[in-house]
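Please look over the structure below.

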Number of protein chains: 2
Amino acid sequence: MRSTEDLLKRFVAGDRVALSRIITLVENRDEGYAELFDRIFPRTGRAYRIGVTGPPGAGKSTLVSCLVQSIRATGGTVGVIAVDPTSPFTGGALLGDRIRMQEIGCDEGVFVRSMATRGSLGGLAEAAGDVADVMDAFGQDVVITETVGVGQCELDIAQACYTTIVVIVPESGDSVQAMKSGLMEIADIIVINKSDREGAERIAAETRSMLELRRPHAYARPHGEAGRAERPGEPPQVARESLGANGHRINGREEPTRLQVPVLQTIASRREGIAELREAVERHRQFLSASGMLERHRKANVEATIRGVVDLELSRKVWNEASVARLHSLVADVIEGKKTPRQASDEIISLVGDI
Amino acid sequence: MRSTEDLLKRFVAGDRVALSRIITLVENRDEGYAELFDRIFPRTGRAYRIGVTGPPGAGKSTLVSCLVQSIRATGGTVGVIAVDPTSPFTGGALLGDRIRMQEIGCDEGVFVRSMATRGSLGGLAEAAGDVADVMDAFGQDVVITETVGVGQCELDIAQACYTTIVVIVPESGDSVQAMKSGLMEIADIIVINKSDREGAERIAAETRSMLELRRPHAYARPHGEAGRAERPGEPPQVARESLGANGHRINGREEPTRLQVPVLQTIASRREGIAELREAVERHRQFLSASGMLERHRKANVEATIRGVVDLELSRKVWNEASVARLHSLVADVIEGKKTPRQASDEIISLVGDI
């Protein structure tokens, strides 16, 4: 307890070692993590959360490095969470990526953390969200979570961020695959990285038309330009203008659920297109903020956190020595066909009685 | 209710349409699925469960097809679950795979089902386990679950199977990546598929030495041959012999936790090496059965099922109209810093009172 207080004190004072230690506790769901997390939670809610996802080898880490440097240039502090879902086979220049990450990691205003699936109990998405909360509580202005977009978990992580950037490369099928998988549906910004490669223009055009075909009514189109995708360099579509225009109907109210998704081209290795990307993020942030969706997003995240704590607490209350012992005898009953799983469950729950 | 009874009757009578319908209900966690699942659960426990996992493009589906045909040739019925974790970018000849699958799917003794992450509430691993249970209850002798080995979810699915086959190809880094990721640790059998490619022998040898380095004490080595990996064609290492020999210490008792992991070479597209693979599976099955580990495995699966039902029931009890309403007001309190997530959780749980 003594050391917890000390750890918290150092965390609040901006000690990076304390931050690192608390992240580890939270990531591993170590004993006492719940109490610690509860203590720092009131400090959260200030960081802007950006998700970056896409296929292996799309240059996500390089792009994130560029984005971090761009944010640092204007004085913001950044936390980066690189989620590597065990990924034995996702390939890509992992080592190279991490080295590039280390470059930005030397900066005192940047805190980089890699997370892997293994070792984190509970869901990876939940743990990644908790780590983002810790970085937020520490005072980082922006938290960027980078994931390889291969599963539901990665989609969940991306959706917990305010702005989700989907990165693809000019390779045959990538955009089609991304679209099929539902990844495009969660994108607030699409980046065609490595745009010096052949076919970049074509993929960008294809992606824009796919976006048009896919969700014709889900975007805010303030100027009534149904068929036109936004490109960098065009005047920003201010969110306020679009409110109440031709948006999506939710709960009986007309409102835009999202901005039209810009399709940008970058060459992260040469830092080309980064200013445009940064602008697009800022435009999206302003849209969310002005439309009240940022607040709604924050509420949804807090709601998920509370639900997570409820689940954990219930599980703690139900699984004690007596109920685990009963579980073992019930397993035998179920295998022998004397009871069904639900009858077994009812017995266990009745053991707990008043929670 | 009427239609549920009818559905169950047809399921028990071996109606494949009813099987398909029930799988859908269970996979989607549709209303009434819990009751239905509970009714058919007593029929489970007979199918042998095999997991096949590995990187995209390793030829898993072709290998599974071969394995299915081999099992069919000796009269066994098979259920195949192809888990495709959204996989926008896992690549591979998906369409081709499915076409190959359809070949075996025309056989009345084979039931093939694809599962994707999207659309399944609850965890994919849980849902895949439930679908395996349904196929088991239907009477399939063997259930094979094929996953792309990229995340914790896939590891969980593989571990719920009795025999886990990890498939890799002779490509640089695959075996090292698989080892790093922990995939090798869950392998009961390792297959180097596409062994007509260059480097197959080298990869096989590398893999064998990595296995030796990695877990020197975790394997049963009945003949005291510490440095020697098992190869197809060698006499089977009968499990009974190895009991109490030089195994792993668990709970104070000396016992072998697993057989030495064979590294096999196959060329699934030409059906080469399938008989050896089938033999290795059978050898592993006999080992599990004779050592009592099959029973332990079954118990662990049933325990996980009961725990899943308990979680679901608790969640149903806690989240009612009143608690959800309270949750919404608590979210605001937490955001304003008036309460911590745990205080909010305590209030919600206290609302439920006696469960």
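Which residues of α2(A) meet which residues of α3(A)?

## The α2–α3 contact in chain A

This is a predicted model. On the α2(A) side, the residues are A:Ile22, A:Leu25 and A:Val26. They meet A:Tyr33, A:Leu36 and A:Phe37 in α3(A). The contact residues divide into six nonpolar, no polar and no charged.

Two packed helices are described by the angle between their axes and the distance between the axes. Helix α2 of chain A spans residues 16-27, and its packing angle with α3(A) is about 125 degrees. The axes are 9 Å apart. An angle of about 125 degrees lies between the range for roughly perpendicular, 65 to 115, and the limit for roughly antiparallel, over 145. The two helices are therefore oblique to each other. The crossing of α2(A) past α3(A) is left-handed.

## The buried face of α3

Helix α3 of chain A covers residues 33-40. Its buried residues are A:Ala34, A:Leu36 and A:Phe37. Seen down the helix axis, they fall within an arc of 165 degrees, so they line one face of α3(A). An α-helix has 3.6 residues a turn, so residues three or four places apart point the same way.

A:Leu36 and A:Phe37 are buried. A:Leu36 and A:Phe37 also take part in the contact with α2(A).

## Chain A overall

Chain A holds 14 helices and eleven strands. Of its 355 residues, 47% are buried. Take the contacts in chain A between residues at least 6 apart in sequence: 74% of them join residues at least 24 apart.

## Two loop residues with positive phi

A:Lys194 is not a glycine, yet its phi is positive, near 55 degrees. A:Lys194 sits in the loop between β6 (189-192) and α9 (200-214) of chain A. It counts as buried because it has 22 C-beta neighbours inside 10 Å.

A:Arg271, also a residue other than glycine, has a positive phi near 60 degrees. Its loop runs between β11 (263-265) and α11 (274-291) of chain A. Is A:Arg271 buried, exposed or partly exposed? With 15 other C-beta atoms within 10 Å, A:Arg271 is partly exposed.

## B:Leu7 in chain B

B:Leu7 belongs to helix α1 (residues 2-12) of chain B. Why does B:Leu7 count as buried? B:Leu7 has 20 C-beta neighbours inside 10 Å, and the cut-off for buried is 20 or more.

Beyond its neighbours within four places in sequence, B:Leu7 is in contact with B:Ala18, B:Arg21 and B:Ile22. B:Gly308 is 301 residues from B:Leu7 in sequence. Their C-alpha atoms are 24 Å apart in space.

Terms used: Residues are numbered from 1 along each chain as its sequence is written. Chains are lettered from A and ligands numbered from 1 in the order in which they are written. This is a predicted model: local features need pLDDT of at least 70, side-chain atom pairs count only at pLDDT 80 or more; totals for chains, interfaces and linings use all residues. A residue is buried if 20 or more other C-beta atoms lie within 10 Å of its own, exposed if 12 or fewer, and partly exposed in between; C-beta atoms are placed from the backbone. Helices (H or I, at least four residues) and strands (E, at least two) are DSSP runs, numbered from the N terminus. The arc is that of the directions from the helix axis to the C-beta atoms. Axes are lines fitted to C-alpha atoms, for helices over the stretch in contact, and angles run from 0 to 180 degrees between N-to-C directions. Angles under 35 degrees count as roughly parallel, over 145 as roughly antiparallel, 65 to 115 as roughly perpendicular and the rest as oblique. A crossing is left-handed if the near helix is turned anticlockwise from the far one by less than a right angle, and right-handed if clockwise. Two residues are in contact if their C-beta atoms, placed from the backbone, lie within 7 Å. Ala, Val, Leu, Ile, Met, Phe, Trp, Tyr, Cys and Pro count as nonpolar, Asp, Glu, Lys and Arg as charged, and the others, Gly among them, as polar.
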